[in-house]
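Have the structure open as you read.

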Amino acid sequence: MNGMTSIERKLIDFIVNRRQLLFLLFLVLVGGVIRLAGRNYMSPDMLYCLIPWFDQIRDSGGLSALSAQVGDYGLLYQTIISFMTYIDISPAYQYKMLSVTFDVALAVMVAVIYRDIMLNGVTGKGNDCSADNAYRRRVLYRSCLVGAVVWLLPTVIVNSAYWGQCDSMYTFFCLATLYCLRKDKFIMAFVLLGLAFSCKLQAIFFVPFIGTYYLVSKRFSVFNVLISVAVLWLSGALAFAYGRSLLEPWTIYQNQTLDYNEMFLNFSSFWVVVGNDYKALEGFAILLTLFAVLAGAYVCMNNRRFLDAREDYYAIAAWFVWTMVLFLPSMHDRYAYALDIMLVLMGLIHRRYLRYALLSVLISFYHYGFYLVEERYGESIVLAAVYVLAYLHFSMTLYKQLKGRLPVGE
C-alpha cells in the first residue's frame, strides 16, 4: 500500500495539533498509575496508627466515637474518619484516596499561583505581557506543566499513596491562604488558614510570614485572626455535639507538642549538627527560631519590594517556613513537605532557586525511604550540614534579590 491512509493522517494531525494537551494528560496518567500501584502498600503509620484508629472509631459506633479522642490528630480529621467508617471500602484505600484528592487540589493550587506570578508579578515582566494573548496561552500551558510537576513529585506521591499521610491537605490550605492574602481576599484567606490549622498544627510554619506581611503591608486587621480561630473551633462542631470539650481543638495540639522529647526525628535539622540533648536545647532552639524570624521580619520591613514582586512574596514565605522547620525542636521527616512544594514553585519560576528545590526534595525523599523501607531513622551530620549551608545560601540569595543586586533571570 502506497502512502498514508486518510484515517492515519487524521489521527496524526489530531495528535500533533493537540500534543500539548495529550502530553499533560500523559503526565497526569503516569502520576495516577504510580499512585494506584501503591494502593496495597502498608506503611508503619498505616499499620500501627491509622488503621487501628479507624477500627477503634468504627467499633465505637462511628460518629458516636467523637465523644472521646482517638489518635492524636485534630477533630476535623477524626470527624472525617468517623464518616469513612460507614463506607464499605478498605480503610487504607479511603485514607489514600482522601490524600490523593488533595494532591490534585495542591497541584492545581500551585499551577494557579504560578500563573498569577507569571502574568502579574515576575521581575522584568511588564503589565503589557498580561494583555498578550499568545503570552497568556504560553503561561497557561506552563502553569499546567508546573501543576503536573507537583503531581509527579516523588515526595508527594509517596506521602499520600504509599505512606497514607495527609500533608497535602494542610499544605493546600496554606498555599491557598497565601494566594488569597496576595489578592487582598482577607476573609477567605483567614478561613483557609483556619482550615489549615484544622488539618494539622504544622500550619503554624506559615504564621511568621503572615505576621510579617501584616506589619509591612498594613492591608488587613489583626482581628482577622479571629476568623481562623472560629474556623478551627467550628471544625469540632460535630464532636461538641457528642460531648467533647469546647477547648478540645486547642488542647489536642497542646498535647501534641509534648509527644516527642527529641530535637529531631529523621530530619536534617540544624540540631543534628549540634546535638540531641532535648532538655538542654529545647528552650534555646525556640529562642533561636524566634530571633531568626524576627530578624527576617526586620529585613522585610526595610525591603518592601516583595509587596510588588509576587515571586519575592512567595520566596520570602518559603524562607520563613524553612527557618521554622530547620531550627525548631522535634521536627519530623514530613515537616518539610510544604517547604519542598514552595521551593519547587520558586525553582520553576527562576532557575536561581532550582538548586534549593532539588536538594530539599532529595533530602526529604532520602528520609522518607529510610522510614518506609527500613523502618528506622536516617539522620546524617553531613546531610544536615549541607541542608543548613543550603539554607544560608538561599537566605543570601533572597537578600540580594530584595536589594535588587541580582540580574533578572539569574
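## Starting from a loop

In which loop does Lys218 lie? Lys218 sits in the one between α10 and α11. Helices here are DSSP runs of H or I with at least four residues and strands are runs of E with at least two, numbered from the N terminus.

A quick word on where this comes from: the model is predicted, so local features need pLDDT of at least 70 and side-chain atom pairs count only at pLDDT 80 or more, while totals for chains, interfaces and linings use all residues. Residues are numbered from 1 along each chain as its sequence is written, and side-chain values use heavy atoms, with hydrogens and water left out.

## Two positive phi angles

Back to Lys218, which comes just after α10. Lys218 has a positive phi of about 55° although it is not a glycine. Lys218 is also exposed, at a relative accessible area of 69%. (Exposed means over 50% relative accessible area, buried under 20%, and partly exposed in between, using a 1.4 Å probe and protein chains only.)

Asn266 also isn't a glycine, and its phi is positive at about 55°. Look for Asn266 in the loop between β1 (264-265) and α14 (270-274). Is Asn266 buried or exposed? Asn266 counts as buried, because its relative accessibility is 0%.

## Helix α10 and its packing

Now for the helix itself. The buried residues of α10 are Pro208, Phe209, Ile210, Thr212, Tyr213, Val216 and Ser217. They pack against α8, α9, α15 and α16. As a reminder, an α-helix has 3.6 residues a turn, so residues three or four places apart point the same way.

## The nonpolar cores

A nonpolar core is a set of buried Ala, Val, Leu, Ile, Met, Phe, Trp, Tyr and Cys residues joined through side-chain atoms within 4.5 Å. The largest one here has 120 residues, and those with the most contacts inside it are Leu175, Leu178, Phe206, Phe306 and Trp322. Setting aside neighbours within four places in sequence, Trp322 is in contact (heavy atoms within 4.5 Å) with Leu339, Leu343, Tyr356, Tyr387, Ala390, Tyr391 and Phe394. There's also a second, separate core of eight residues, including Trp271, Val272, Tyr278 and Ala285.

Phe172 belongs to helix α8 (residues 167-182). Phe172 is buried, because its relative accessible area is 17%. Not counting residues up to four places away in sequence, Phe172 touches Phe102, Ala105, Leu106 and Met109.

Thr289 is in helix α15 (residues 278-302) and is buried, with a relative accessible area of 2%. A polar atom of the Thr289 side chain lies 3.4 Å from the backbone oxygen of Phe327. Leaving out neighbours within four places in sequence, Thr289 contacts Thr323, Met324, Phe327 and Leu328. Then there's Leu246, in the loop between α12 (237-241) and α13; beyond four places in sequence, Leu246 touches Trp233 and Phe240. Leu246 and Gly283 are 37 residues apart in sequence, and their C-alpha atoms are 30 Å apart in space.

## Two pockets

On a 1 Å grid over the protein atoms alone, a pocket is an open set of points where a 1.4 Å probe fits, with protein on both sides within 12 Å along at least five of seven lines; lining residues have an atom within 4 Å of a point. Grid points are joined across faces, edges and corners, and a volume is the space filled by probe spheres set on the points. The largest pocket holds about 1,200 Å³. It is lined by 47 residues, with Gln202, Ser330, Met331, His332 and Tyr335 nearest its centre. The largest share of that lining, eight residues, comes from α15. By class, the lining has 30 nonpolar, ten polar and seven charged residues. (Ala, Val, Leu, Ile, Met, Phe, Trp, Tyr, Cys and Pro count as nonpolar, Asp, Glu, Lys and Arg as charged, and the others, Gly among them, as polar.)

The second largest pocket has a volume of about 340 Å³. Of its 17 lining residues, Leu193, Phe197, Val207, Val225 and Ser228 are the closest to its centre. α9 (186-199), α10, α11 (225-234) and α13 each supply at least two residues of that lining. The lining of the second largest pocket divides into 15 nonpolar, two polar and no charged residues.

Note on methods: Polar contact = N/O pair within 3.5 Å; in protein donor to acceptor, adjacent residues only side chain to side chain.
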